Amino acid sequence: MKRIVILASGNGSNAQALIDAASGGAIAGEVVAVISNVPGAHVLRRADLAGIEAFALPPQAGEERTRYDARLAGAVRALSPDVVVLAGWMRILTMSFIGGAGAPVLNIHPALPGEFPGTHAIERAFAERAGGRTSSGVMVHLVPDEGVDEGPVLGTVEVPILADDTIEDFEERMHAAEHGLLVRTVADFLGATQDA
Ligand code: GRF
C-alpha cells in the first residue's frame, strides 16, 4: 500500500475525504499520518477518530522558516511517505521542506490555474460575481518549488457561481468539488507511480 502523509492547518474536510477514500479502498494507499502546524486543529481530531497517527508540529517562537521547514521535513521523511498532501496547509513552504520531505508534494487550492493564488481565493472569486464572473474552480498541483499555488497541474474542476448564491452556498459547492477532485487526483497519482 502506498503511504500518504497529510499536512493540514485547520478544519480538515479535505483530509477527511482522503481518509475516508483510502479506508474505503477508493485509493491504493493508506493515510499513515496527519501533521498540523496548529495544536488542537480539528483535522488532528479527525485523524484520531480514524485511528491515524496525528500530531501537531508548531513552529517554535522566533524559529527561522527554513529551520522549521527542515524540522517538518525530518518528521515527514521519518514516516516514509510515497506522497505528501497539503490539504489546507496555510504556511508557505521553502525548499528546506520540499527538498527534504522524501516524496512528491501535492497541494489543493480553491481556484483554477493562474487565478487567485494565496489566501481567501473562494471569497475573491465570489466578489467578482458582480463584475460578471459565473464560475471559478479547484486545482490539485505538484509543489516542486517555493512557488505558491502554481506548480504543474494534476487536476482541475470548474465550479459555477449561481446568481442567487450566498457566499456560503458557493463555499459549500467549492468544498464538495475539492473533496471529489482531491480523491480522484491522489488515486490517479498513486496509481500512476510505479511500485517503489
Ligand atoms: C480548502 O479550501 C483548501 O483548498 C485550502 O484550504 C481549505 C482547507 O479546508 N487550501 P479544509 O481544512 O480541508 O476543510
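User: Buried means a relative accessible area under 20%, exposed means over 50%, and partly exposed lies in between. In this predicted model, does aspartate 149 count as buried or exposed?

Analyst: Aspartate 149 is found in the loop between β6 and β7. Its relative accessibility is 14%. The cut-off for burial is under 20%, so aspartate 149 counts as buried.

User: What is the phi of aspartate 149, a residue that is not a glycine?

Analyst: Most residues other than glycine have a negative phi. Aspartate 149 is not a glycine, yet its phi is positive. The value is about 55 degrees.

User: How does glycine 147 count by its relative accessibility?

Analyst: Glycine 147 lies in the loop between β6 (135–142) and β7 (153–160). Its C-alpha is separated by 9.0 Å from that of threonine 94, although the two are 53 residues apart along the chain. The relative accessibility of glycine 147 is 22%. Since that value falls between the limits of 20% and 50%, glycine 147 counts as partly exposed.

User: Is phenylalanine 116 buried or exposed?

Analyst: Phenylalanine 116 belongs to the loop between β5 and α5. It has a positive phi of about 50 degrees although it is not a glycine. Its relative accessible area is 10%. Because burial requires under 20%, phenylalanine 116 is buried.

User: What is the relative accessible area of serine 36?

Analyst: Serine 36 has its place in strand β2 (residues 29–36). Beyond four places in sequence, it touches Ala8, Ser9, Ala41, Val43, Leu44, Phe55, Ala56, Leu57, Pro58 and Trp89. Leucine 57 is 21 residues away in sequence, while the C-alpha atoms of this pair are 6.0 Å apart in space. Serine 36 is buried, and its relative accessible area is 0%.

User: How far does helix α6 reach from its first C-alpha to its last?

Analyst: Helix α6 covers residues 167–192 and has 26 residues. At 1.5 Å a residue, a span of 38 Å is expected. The helix comes close to this, and its reach from first C-alpha to last is 36 Å.

User: Is glutamate 172 buried or exposed?

Analyst: Glutamate 172 is a residue of helix α6. Buried residues of this helix include Phe170, Met174, Ala177, Leu181 and Phe189. Glutamate 172 has a relative accessible area of 59%. Because the limit for exposure is over 50%, glutamate 172 is exposed.

User: Which element gives the largest share of the largest nonpolar core?

Analyst: The largest nonpolar core has 42 residues, and Ile4, Ile6, Ile27, Val34 and Val186 touch the most other members. Val186 is also listed among the buried residues of α6. The largest share of this core is 10 residues, and the element that gives it is α6.

User: With which residues is isoleucine 6 in contact, leaving aside its neighbours within four places in sequence?

Analyst: Isoleucine 6 is one of the residues that touch the most other members of the largest nonpolar core. With neighbours within four places in sequence left aside, its contacts are Ala15, Leu18, Val31, Ala33, Val34, Ile35, Val85 and Ala87.

User: How many residues of the lining of the largest pocket are charged?

Analyst: The largest pocket holds about 800 Å³ of space. Its lining consists of 35 residues, and those nearest its centre are Gly88, Trp89, Met90, Ile108 and His109. Two or more lining residues come from each of α1 (13–23), β5 (105–109), α5 (121–127) and α6. The lining divides into 13 nonpolar and 15 polar residues, and the number of charged ones is 7.

User: Which residues does serine 13 touch, not counting those up to four places away in sequence?

Analyst: Serine 13 lies in helix α1 and, at 18% relative accessibility, counts as buried. Its C-alpha is 9.2 Å from that of alanine 176, 163 residues away in sequence. Beyond four places in sequence, serine 13 touches Arg46 and His179.

Technical notes: Residues numbered from 1 in each chain as written. Predicted model: local features only at pLDDT ≥ 70, side-chain atom pairs only at ≥ 80, totals over all residues. Heavy atoms only, no water. Helix = DSSP H or I, 4+ residues; strand = E, 2+ residues; numbered from the N terminus. Expected span 1.5 Å × (residues − 1). Buried < 20%, exposed > 50% of the residue type's maximum accessible area, 1.4 Å probe, protein only. 1 Å grid on protein atoms, 1.4 Å probe; cavity = no way out; pocket = protein on both sides within 12 Å on 5 of 7 lines; lining within 4 Å. Points joined across faces, edges and corners; volume = space filled by probe spheres on them. Nonpolar A, V, L, I, M, F, W, Y, C, P; charged D, E, K, R; others polar. Core = buried A, V, L, I, M, F, W, Y, C linked by side-chain atoms within 4.5 Å. Contact = heavy atoms within 4.5 Å.
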